[in-house]
Amino acid sequence: MLDFLKKDGEKKVEYIELIYDLIFVYIIGRNNSILHTFRNGFIAPSAMLTYILSALIILQVWYTTVIYINKYGSNSIQDKLMIFVNMYLLYYMAEGMRSDWQGFFWQYNIAWALILLNFLINFTVVYKRVSREAPWVCASIKNNIIVIAVQLAIILVSFPLYHITNIPFTPVAMAVGMIMSALSKKSNSLVASDFAHLTERIMLFVVFTFGEMIIAIAGYFEGGFSLNTLYFSLMGFLIVAGLFLSYGYIYDNVIDREQPTTGMAYMLLHVFLITSLNFITAALKFMRMEEVSAIPKNIFIVASFVAYFIFLFATEPWAKMRCRAHLKFYIVIIAASLVFAGLMAAFYKNSYVSIALSAVYIYSIFIYLIINVKKSQEVSAQE
């Protein structure tokens, strides 16, 4: 019986999906520690590259799981087994997420290959189950099987190449997988996503990412009570709250969760949005660290905040018609970002001013977002 093809109301996020996401909370923390490798006052380039590749690979694993559960999952024993097997293997990948990754290359990539094999087996089982009853579903599943198989093949070929050249080619599998997924819109559209379930699933992962950020700013409260501690802890807390409120407002009031869509682009966009949130988490830690030079510290935090809002407002294609932003909105946002960057450059040596400017920038955008949405709704109601 093709239970996953039944569309009786919104698909619910099962508890096992939330448990699965908890392993990623741990992994996010592990991966963020890579950024604490400094050279000449800032993050070593090799550490930054390792961090970005690790983040994208892990998020791709999460992405594939969500697509499988959203489109073909039925909360069956098979689904639960797939999730628990991958959770176990993800611990081995997490252990290899470090700046000295060379000593964990085999452990990390063998675990990744086994995760892909697990996906491949489960998609194949679903394919065989529906091959006679729903051929239009088979075309979409077959596309997923091909993408995963190509990634797995690249990793397997990379093993002997690494042994010979000592060059890791396995990240190519991640890049190829993302490109193939982005180019598979036609076949993916053959099976509609439950967009309401998909957006809720993504929102919960974003919340978990903010959880790591909340843990990061706990350091602002250390050192006993003082005006200095009070100031920085308050500013840090306001920054995190403002970022979260901005995402929450768009999720609750702007995104049309009932629209028919594959949701693939929406998920890919969130891969980069979540990565930008992780950069902000690191940037908030760097603000308190004297070993990080002032110039790169401020460049990093400005770039992280701006990237977050770029990806956040890039969700507009999925917005309700009455909440669509106009050109003026983006002009104001760009102008505010340029002013923010300029002021941060001017006061880069003053951490008191820098953190205050960051808070003002975030809340200015949040307030302007609310005003813009309210006006758009009023105009739409009058029409």
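**View A. Contacts across the protein chain.** Of the contacts (heavy atoms within 4.5 Å) with a separation of 6 or more, 80% join residues 24 or more positions apart. This is a predicted model: local features need pLDDT of at least 70, side-chain atom pairs count only at pLDDT 80 or more, and totals for chains, interfaces and linings use all residues. Residues are numbered from 1 along each chain as its sequence is written, and side-chain values use heavy atoms, leaving out hydrogens and water.

**View B. Fold and dimensions.** The protein chain has 13 helices and two strands. These are DSSP runs, numbered from the N terminus: helices are H or I with at least four residues, strands E with at least two. The radius of gyration is 22 Å, close to the 21 Å of the globule rule for 383 residues, so the chain is as compact as a globular protein of that length. The radius is taken over C-alpha atoms; the rule is 2.2 Å times the number of residues to the power 0.38. The C-alpha atoms fill a box of roughly 65 × 65 × 35 Å along the principal axes.

View C. Ser54 sits in helix H2, residues 45-72. Its relative accessible area is 8%, so Ser54 is buried. Buried means under 20% relative accessible area, exposed over 50%, partly exposed in between (1.4 Å probe, protein chains only). Leaving aside residues up to four places away in sequence, Ser54 touches Asn31, Ile34, Met97 and Tyr108. Across the protein chain, buried residues make up 52% of the 383.
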